[in-house]
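Me: I would like to go through the helix packing and the chain contacts of a model. Please take one feature at a time.

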Number of protein chains: 6
Amino acid sequence: MSTSAALPAYSSYEHLLVTSPAPLIAHVEINRPSKLNAFSRPVWLEFGRVFRQLSADADVRVVVLSGAGERAFTAGLDVQAVGQDPVLAGRAIDVPRKAKGLRSHLEEFQESVGSAEKCEKPVICVLHGISYGLAIDIACCADIRICESNTRFSVKEVDTGLAADIGTLARLPKIVGSTSWVKDVCLSARDFSAQEALAVGFVSQVHEGKDKAVQSAVAMAVKLAEKSPVAVQGTKELLNHGRDHAVPDSLQYTRVWNAAALQGEDFSRALMSGLRKTKPRFEKL
Amino acid sequence: MSTSAALPAYSSYEHLLVTSPAPLIAHVEINRPSKLNAFSRPVWLEFGRVFRQLSADADVRVVVLSGAGERAFTAGLDVQAVGQDPVLAGRAIDVPRKAKGLRSHLEEFQESVGSAEKCEKPVICVLHGISYGLAIDIACCADIRICESNTRFSVKEVDTGLAADIGTLARLPKIVGSTSWVKDVCLSARDFSAQEALAVGFVSQVHEGKDKAVQSAVAMAVKLAEKSPVAVQGTKELLNHGRDHAVPDSLQYTRVWNAAALQGEDFSRALMSGLRKTKPRFEKL
Amino acid sequence: MSTSAALPAYSSYEHLLVTSPAPLIAHVEINRPSKLNAFSRPVWLEFGRVFRQLSADADVRVVVLSGAGERAFTAGLDVQAVGQDPVLAGRAIDVPRKAKGLRSHLEEFQESVGSAEKCEKPVICVLHGISYGLAIDIACCADIRICESNTRFSVKEVDTGLAADIGTLARLPKIVGSTSWVKDVCLSARDFSAQEALAVGFVSQVHEGKDKAVQSAVAMAVKLAEKSPVAVQGTKELLNHGRDHAVPDSLQYTRVWNAAALQGEDFSRALMSGLRKTKPRFEKL
Amino acid sequence: MSTSAALPAYSSYEHLLVTSPAPLIAHVEINRPSKLNAFSRPVWLEFGRVFRQLSADADVRVVVLSGAGERAFTAGLDVQAVGQDPVLAGRAIDVPRKAKGLRSHLEEFQESVGSAEKCEKPVICVLHGISYGLAIDIACCADIRICESNTRFSVKEVDTGLAADIGTLARLPKIVGSTSWVKDVCLSARDFSAQEALAVGFVSQVHEGKDKAVQSAVAMAVKLAEKSPVAVQGTKELLNHGRDHAVPDSLQYTRVWNAAALQGEDFSRALMSGLRKTKPRFEKL
Amino acid sequence: MSTSAALPAYSSYEHLLVTSPAPLIAHVEINRPSKLNAFSRPVWLEFGRVFRQLSADADVRVVVLSGAGERAFTAGLDVQAVGQDPVLAGRAIDVPRKAKGLRSHLEEFQESVGSAEKCEKPVICVLHGISYGLAIDIACCADIRICESNTRFSVKEVDTGLAADIGTLARLPKIVGSTSWVKDVCLSARDFSAQEALAVGFVSQVHEGKDKAVQSAVAMAVKLAEKSPVAVQGTKELLNHGRDHAVPDSLQYTRVWNAAALQGEDFSRALMSGLRKTKPRFEKL
Amino acid sequence: MSTSAALPAYSSYEHLLVTSPAPLIAHVEINRPSKLNAFSRPVWLEFGRVFRQLSADADVRVVVLSGAGERAFTAGLDVQAVGQDPVLAGRAIDVPRKAKGLRSHLEEFQESVGSAEKCEKPVICVLHGISYGLAIDIACCADIRICESNTRFSVKEVDTGLAADIGTLARLPKIVGSTSWVKDVCLSARDFSAQEALAVGFVSQVHEGKDKAVQSAVAMAVKLAEKSPVAVQGTKELLNHGRDHAVPDSLQYTRVWNAAALQGEDFSRALMSGLRKTKPRFEKL
């Protein structure tokens, strides 16, 4: 991605690299390749922060998320860092007092990762290489998942003695088409391949090599960025609302949402362009 | 479908053609082929009315829904008509006053399309040709979707500058097996093929040519119509209830529902026929 | 399964055979092969009891469920027994009085079958031969479904004049990837094959012959039994919670659940073993 | 209410009298005093229709609902009419076939009564005299309930051999402060007084005599009609939404609702008038 | 209650006394007066059992629940017994393993107490004297609460170092009219009086002395027992459903429930008796 | 409150005064008396921050919240500041673009105010003088509400041309006992008195003069602070969970919550102290 321009507003991140491969597109890379892009607390706090910033940044319409380096999207938690974490490793006076610290720790962690889901712009996640544990939690928060053909996926948490708690178990069954498969991979922590991920619908594209996968993601992002941001961001919002609500509730929410959205310029501009066969331009949102 | 008999009770519809290809089967065709079966307000109001009538009509046990003509199931909204719609195009004093009109307009539209879902008889939707925008909203309200191999599907709304608001975003993710795919097609508005629709589970059959697809739908309808309508309509009701409720809630509802259904004749007739290897006959419902 | 050891604590069951093909694994067989493993009330009451016992038995970590004999997993309800059931066949003074009996009958039946879902250990269900009606209700309550290639599946209830009421209609659409397919098989009661079951995600493995299918299930069970039971049982609990709740609710529940689970030994033992490349041992749960 | 002006747009109702005691106020009276304002099917169908018309009528901002005559708000169902109702009294082939008719009958009845709740304008219900059975169902759908001191209330349904099914059992516990009291009056069908209704919060005002009660309702209506209809109708909508949703859901819905409402004129006009101590005027909604 | 007849079918209970003060009425007394009716595990298991039996017993239409002796309805948990309980006092290998035992213990306890709520007959709870801790959990599961004027209530759990976990915190805010008051008494564990309980709606009657309170409960029970059990039990069911569901959901459930109930004899018998001014007789349910 | 010690950790707040009237108690005062404690954006951002800090501060067990000065708890929004707010007053390109800014503005505002509800320590709110608009939103987020006898309450928003959007409409109906009263005060924006607030259960105590009210709040806080913080904070958490969930859901959550809490020291210490009649001491949480 050498041709990607730096995005000055995002230059302060330490563990994430944010560039712009094309106008209106931000590319976020998890940037600890020497650690297989593993996550310590400073990394996930940055992760939360960057998606909150991207959500509010009218100059960004689509986000591509990937891991830096060749070997891993992310190998998951940085076990060494976790071993030194005072909340996890520390002693507390008794069980409920330690439980309070853990709940609070998990909430911060869940919210950081969940910021990709809450980001109002579409997030296209490109997985490659080792994509273990937290990789799945993160990918589940993206909107579209694509990968390279050699990706090695695993819901690894059971092998570290715990039930996944950053979102995989809540989200994964709602985004793929076989609960029998979900329970198999979550209970066994076994590796699964790109082809398997495609077959069950976890990813919707598989490409040869990380570069091609990233290029495809960027190309898709470019297309989405040309469309009305009112339409695109509304679509993301309404799809996310739908996941967590019964249909009549979502229809009601949709009516109220679009009662404002339909009063914008984008609707008429798109209609006009459609009739005139021109390419519409949409204002920032 | 030239052999289909007219259904006199449904002769007053202007934009829909309702015939009976076989006893107890109604075939509803969207009948504006010169407009690619596009929907203006009078069309969707008729659409709502016909499914309410079919739901109450004891002489109909299964409904087949398709588009008239060769080119399109439906191309979606009739853009010309929309441009003249006083609610959409009109001026209001201010934003909330216009929003009230829009909400009310959307509610009427959603309820019209949703009447196919609420219809107590199974609805088999046959898609062919251009199946854009509203085509998906409508198909999501049917129970079973089949299509011909050349169908061109698109969740087109983003390209017209708005988020789909007649039900696709609420229902589609709950009826197919890959949210990554759903977000791809909903955000990009790109065409997808019959094969792709089959692979993600949007349709469950693909046939060569519209005629074969309609024939298959009718054949399936004939089989369903031979079965106990208490069993068939109860199954539709309980499956629809299940989509919007947690499992314990649905089990409770099921107990109350079947506590009446099991007191009917159909259960014993079906059992008897099973033992005697005869074909049961079931009373109207 | 001749090498399976008997499990003395489970010797009192009349219609179920419970053996242990490997340490920490229980194999439950529906054991009425001469009746195609059909269920009468005594059978389903035993079914409920055995899974409650297995759930509380710290010596069992994974359960394999299958049908005895070559011909059927289960052909469903034992129609003869049902014909003599006083609640179903009996006369009541009037409709609501009979309805009360039926509701209560259905609740007992639903809870018996649902005990496999509520069992805190993973349940791997092996389907083979005739797998009709109740077979699907039961399989939907298991965590992982595998089958042999000649399995004949059917959601048979419509053909017996009733809507399935023991759980299939509530659970099946939430565990596979195509509602169009679900409605097809539930409304038509048609047979579907192992390949079709695999394609829609109902089963996640198909094997040649029942023996291979059972061996694969046992092998999978052995692997799960080696893992931390805190992690494995927590994963089952959180996945089941996720099915019936919105994501924010499940994330909250997860935090509270893991705030206790993370205070156990398994987490550090698994981490240590991972670093030392040894096989961890976990205490009973 | 002799000074009330007739409202021409509402002159076609047969069982309801609709007048306008003050600008922007509609007064709906159940107008079968010789039958104690009892409800037959034509009455409740009119009831549903009038509130749908009022909801859409920009010249009406508040609705007052009362019963005509001195003796009763309503004595409930018109038992004679019910005895001749073909759905209720008629024979059907078997239990589920009759059940279908009954469900459909109840749905129409529930929706007719519920139209007062769905009406976007505030509905102030004045109860007096005999207020039995359906009187409570109807009053529960109003926003504000006031009564005269001699009102005789009763959730009468149990005494007619059935559980109330037009909404009292769903709504009453959510609008008063004591479930012990709710269960007492619903299970016993006993009369309760205006004072008791005030003490538990069912009504919020008690007046001496029906005239004073109606005058108070009209006076209250006049005050509400002077306020911003965007604010008033939004408040009704958000309070109704809140009853059926968890707080985080309602807060989200509120944000989307007010994101349009705050773009109107009413907010700045009200602020200006507040600063200038003048009376604001608000446009129709 | 010396005139109460013994109920032979309930003679095996050790800690509960079940008599019949009038036809169709069962009176359950918590019968450990020397221990202030405190609950150990055998007591609550019996409590669960008796309400399941009463729910199924067609000879019982209403249940009165009270404490034996003069001093207490119940003082709550039997602290001595709790101190010896192996689950609570015992050591487990680690935190999640002990947590599993505790969850299972709490589930059994919650279900035992909750059986009064699930019992299909109305339960009238008479509180007197010391009514601490579990007394409130139990009373919240009854339908109607009445008490004598000297009752001393307390949500005592905070004073024993724990948050109430048998149901008070889930149910109490939904059955009284002031959350500020609920939080006050639940957080402070302070005593509150019969008058205070009446004012917030926790009880709906206060009587002088336990005898009068019990007599009033029995008199109320006699009246409920004369009514249609289809109507009475349906009313309890629908009110309980309403508490846990949004109104549209409850209306749908009501339609399905009453579609069977309205096909019974009770409706026409009650109507006839109403017209003829005779007392209707209703069959057992 | 001159005897209150300053709390150094909270000295940086500009618009809030945080002192400690007693060990383990924090007293937060809205401190803009010259502006009637009106809220501008900096004030509500501080409000959110202080409650997040208090929630995490193990040296604080209970929070008292009041307004500084004699005249007002708070008069609500600082209208002048609002008039200069770029989001509210600013121009946007079109309606949906402005809507996005407004939604985001409202979310920040709602979250700031809601931090009092999310704070894990009990919050006792003392209202006095003018308590308009935002005063009610804030008070609804507290656990216990008390006031002085001259408090003038008003859900003022309708009079400023908008529907209340910071939480009153979502929370108020769930914390008081009469929806008729709620709709009256929310639709009319009329003042209501301390006595009226007590009668409907909005406040649970009324005192003569602000000083007495604050003293009572502090005295109550001192009592709560002596109790087990595990019990107290667990009670707040479970009551809040109960408001937004059905009872079976809350019982499940309670089991998981207490499975950790019951493993602490507080339970046995409290039991011991109870037996020995000593005052227990509990560790920080």
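Reply: Start with handedness: the crossing in which α11(D) passes α4(F) is right-handed. Keep in mind that this is a predicted model.

Me: At what angle do the axes of α11(D) and α4(F) cross, and within what distance do they come?

Reply: Two packed helices are described by the angle between their axes and the distance between the axes. Here the axes of helix α11 (residues 247-261) of chain D and α4(F) cross at roughly 140° and come within 8 Å. Angles over 145 degrees count as roughly antiparallel. α11(D) and α4(F) are therefore oblique to each other.

Me: Which residues meet in α11(D) and α4(F)?

Reply: From α11(D) they are L251(D), R255(D), V256(D), N258(D), A259(D) and A260(D). In α4(F) they meet A99(F), L102(F), R103(F), L106(F), E107(F) and Q110(F). Sorted by class, this contact of α11(D) with α4(F) has seven nonpolar, two polar and three charged residues.

Me: How are α1(F) and α4(F) packed, by angle and by distance between axes?

Reply: Helix α1 (residues 41-56) and helix α4 (residues 95-118), both of chain F, pack at an angle of about 30° with axes 8 Å apart. Angles under 35 degrees count as roughly parallel, and α1(F) and α4(F) are therefore roughly parallel to each other. Their crossing is left-handed.

Me: Which residues of α1(F) and α4(F) make the contact?

Reply: α1(F) contributes W44(F), L45(F), F47(F), G48(F), F51(F), R52(F) and S55(F). α4(F) contributes F109(F), E111(F), S112(F), V113(F), S115(F), A116(F) and K118(F). By class, the contact of α1(F) with α4(F) has seven nonpolar, four polar and three charged residues.

Me: Now the chains. How many residues of chain E are in contact with chain F?

Reply: For an interface, count the residues on each side, then ask which elements supply them. In this model 38 residues of chain E are in contact with 46 residues of chain F. On the chain E side, the elements giving two or more residues are α4 (95-118), α6 (168-175) and α7 (179-188). α7(E) gives the most, with nine residues. The residues of this side divide into 17 nonpolar, 10 polar and 11 charged.

Me: Last, burial. How many residues of helix α5 of chain E are buried?

Reply: A residue is buried if 20 or more other C-beta atoms lie within 10 Å of its own. Helix α5 (residues 134-141) of chain E is mostly covered, with eight of its eight residues buried. Among the buried residues of α5(E) are L134(E), I136(E), D137(E) and C141(E).

Terms used
Residues numbered from 1 in each chain as written. Chains lettered and ligands numbered in written order. Predicted model: local features only at pLDDT ≥ 70, side-chain atom pairs only at ≥ 80, totals over all residues. Buried ≥ 20, exposed ≤ 12 C-beta atoms within 10 Å, placed from the backbone. Helix = DSSP H or I, 4+ residues; strand = E, 2+ residues; numbered from the N terminus. Axes fitted to C-alpha atoms, helices over the stretch in contact; angles between N-to-C directions. Parallel < 35°, antiparallel > 145°, perpendicular 65-115°, else oblique. Left-handed = near helix turned anticlockwise from the far one by under 90°. Contact = placed C-beta atoms within 7 Å. Nonpolar A, V, L, I, M, F, W, Y, C, P; charged D, E, K, R; others polar.
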